[in-house]
Amino acid sequence: MAQCDQTIFYFFRKLKHKYDSCGLILLKKNKSLFFDSYENNILLFYSEIKQIVFEDRTFLFTLSYMEALQTHELTKHYRSGLFNRKNIVALEKVSLSVEQGEIFGLLGPNGAGKTTFVKLLLSIALPTSGTATVLGHPLGKRALKEHCGYLPENHRYPGFLSAVDTMIFFGRLNGIRDSILREKSNALLELVGLKEWARIKTKKFSKGMLQRLGLAQALINDPKLVFLDEPTDGVDPIGRKEIRDLLLKLKGDGTTIFLNSHLLSEIEMICDRVAILNNGSVVRTGTISELTAQKLAYNIQLSVPLSDNVRERLQQSLVHFESRDTLLIVSLREKAELNAIIDILRRGGIGIESMTQQKTSLEDYFVKLVKGENAQ
Amino acid sequence: MFRFTVEEALRRGTLLFYFGVGTIILLVFAFGIGRLPSDPDMVTLFGSPLAHSTSPNFNVVDFILVMLHKQSVSSILLFGIFGIAGLIPGMLEKGTIDLFLSKPLARAELLMARALGAVSGIGLNLAYFFFGIWFIFGLKLGVWHWGFLSSVLYVIYTFVCFFSVVTLVGLITRSAGFSIMLAFVFSIISWGLELREKGLYMLWDNGIYHRLLDALYYLTPQLNSMLENSTRVVGNLPYIPNPAEFSIMPFVYSFVSTCFLYFLSAWYFSRQDY
């Protein structure tokens with residue numbers, strides 16, 4: 001792999017100019033961009049490129065990696081009551097980071113502080129202490145909001161405006177030129193399935209339609225990061241599927257999505273990583289599979305059912321197991337026991353066709369975690 | 001935001017009602033006011049003679065315009081608040097403010113655009129009415145009363161000052177009802193402060209108390225003084241002996257207090273959680 005020189009960078013910039021409308025190939029694992037032929041999609045964040053290397057006909061771009069969002073001990077306390085000023089902890093030292101281009105879900109029971117967290121990031125509420133950066137900008141900067149979209153919970157739109165006028169109004173607030181706004185608004189309304197309703201006043205819209213309009217509004221400025229607070233609230237199942245597909249498409253285009261939702265099944269379907277918030281504190285973060293994996297329970301698919309001999313040996317090993325025909329379910333005290341079980345099976349002449357770690361649903365995990373936390 | 005607020009203000013039922021009432025008054029004058037063909041100096045309303053427009057010490061056209069000015073201004077100022085007092089608390093409603101504050105706009109910018117948009121709704125109504133009256137009187141009576149036309153600027157200015165109080169109250173209470181109520185209370189206080197030497201001073205003969213009242217008078221928009229002076233631009237009523245001259249000072253003092261109130265509102269707004 002050879003080090004790339006300035007000439008190639010310049011060549012690439014020319015290419016970028018030529019293929020300006022192209023999309024993004026972001027390999028998240030090694031945080032690099034690549035393309036292997038001129039026909040492929042190209043996207044370049046100039047400021048984020050640290051190194052360019054190429055091998056054969058493949059260019060490899062290493063990004064100077066930037067989090068889409070990073071908070072450090074973000075805290076918010078409210079005071080309530082006129083005379084007896086009670087201190088209410090909405091968020092307590094929340095430290096989170098969200099990678100660029102991922103769908104991140106924030107879960108939590110009502111009053112956990114999910115909405116407050118987003119409000120702090122967008123300077124709708126002001127933090128008591130702690131720091132945060134969004135797209136590299138500290139909180140409160142205008143540039144931060146220029147690149148963010150937001151769909152709040154229970155959003156309200158002026159009923160006297162039509163859907164397209166609502167889009168134009170919020171587009172203007174984003175500083176988008178009038179000359180492109182109408183076309184852009186219509187395209188987004190079509191994307192969320194409101195094309196036929198573009199000229200209808202929003203006071204006639206159902207909850208689901210307002211939700212779609214809210215989503216379109218959140219995308220009017222082509223945001224790099226979108227905050228969505230209960231985006232599928234009030235939307236029918238088909239609409240939900242469409243919204244999920246749209247979010248995945250946005251993710252494919254490189255947009256980072258920050259999702260607040262109670263609908264755990266939806267979070268499970270589309271989020272790359274989640275954080276669970278309870279009583280204002282982050283209690284868990286990780287990928288869905290990390291959170292839902294039952295660490296020491298495995299399903300082992302055998303080639304033949306357990307023989308009496310092998311069954312006896314397994315019992316002697318004091319491992320808790322269950323067998324149903326060719327399926328063996330084992331619960332271990334420690335991971336090392338897995339090797340011992342495999343050895344017993346092999347010695348007994350039983351082949352292993354597959355082995356999977358048992359998983360729980362996100363909902364089960366969430367309920368168990370929150371109940372456990374609250375019991376403490 | 002400014003354009004949106006003007007549109008929102010004009011679509012509000014109360015302002016549409018004022019527009020309707022204004023139009024009816026304009027139509028009444030357009031069709032009713034005139035002069036007797038046999039006596040061109042005699043001003044008539046629907047054919048009934050009112051008075052000679054050239055009586056010594058009494059000009060009926062001035063009188064009508066002053067009365068119109070006084071009545072329309074005091075009513076639209078007080079009732080105009082009904083129409084637009086809800087615009088600031090409305091902006092602060094959950095679900096609306098989140099959307100506004102998530103946009104790349106400074107909070108002060110947002111608030112000022114909202115406040116100016118709101119007063120523009122009333123301003124447009126006032127300008128429409130004043131221009132209409134001025135035009136009708138000019139066309140039908142041949143009196144192009146520039147004082148009457150220009151007085152609308154003073155009236156709109158007075159409303160901008162008045163609205164600074166409503167803005168601050170609306171931000172603090174987040175309630176249209178409270179804003180309206182306190183706006184009325186303020187207009188009464190303003191009237192009381194203007195007459196402090198003849199009224200409030202008598203309640204307690206104490207120098208500090210008197211200076212406190214003076215300070216309050218100069219620190220708040222001088223609503224009553226401004227309205228009276230805006231009427232003096234049109235003319236004085238004939239039955240008032242030794243009428244006072246127009247003074248720009250209440251407008252100047254109110255400019256300072258209005259700026260202070262809007263600044264205070266912007267500062268308060270920028271420190272609030274929504």
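**Ground rules.** I number residues from 1 along each chain as its sequence is written, and chains are lettered from A, with ligands numbered from 1, in the order in which they are written. In this predicted model, local features need pLDDT of at least 70 and side-chain atom pairs count only at pLDDT 80 or more, while totals for chains, interfaces and linings use all residues.

**Helix 4, chain A.** I took helices (H or I, at least four residues) and strands (E, at least two) as DSSP runs, numbered from the N terminus. I looked up residues 163-173 and found 10 of the 11 buried (20 or more other C-beta atoms within 10 Å of the residue's own, with C-beta atoms placed from the backbone). Among them are A:Phe169 and A:Phe170. These buried residues pack against helix 5 (178-191) and helix 6 (207-218) of chain A, together with helix 1 (2-11) of chain B; contact here is C-beta atoms, placed from the backbone, within 7 Å. Just after helix 4, A:Gly175 has a positive phi of about 80°.

**The sheet, chain A.** Next I traced an open, mixed sheet of 6 strands in the order 11-12-13-8-14-15 (strands pair if DSSP finds at least two bridges between them). Strand 11 (148-151) and strand 15 (281-287) each have a single partner strand, so one side of each lacks a neighbour in the sheet. Strand 14 (residues 273-278) runs antiparallel to strand 15, joined by 6 bridges; A:Ile276 has A:Arg284 as its bridge partner.

Conventions
A residue is buried if 20 or more other C-beta atoms lie within 10 Å of its own, exposed if 12 or fewer, and partly exposed in between; C-beta atoms are placed from the backbone. Two residues are in contact if their C-beta atoms, placed from the backbone, lie within 7 Å.
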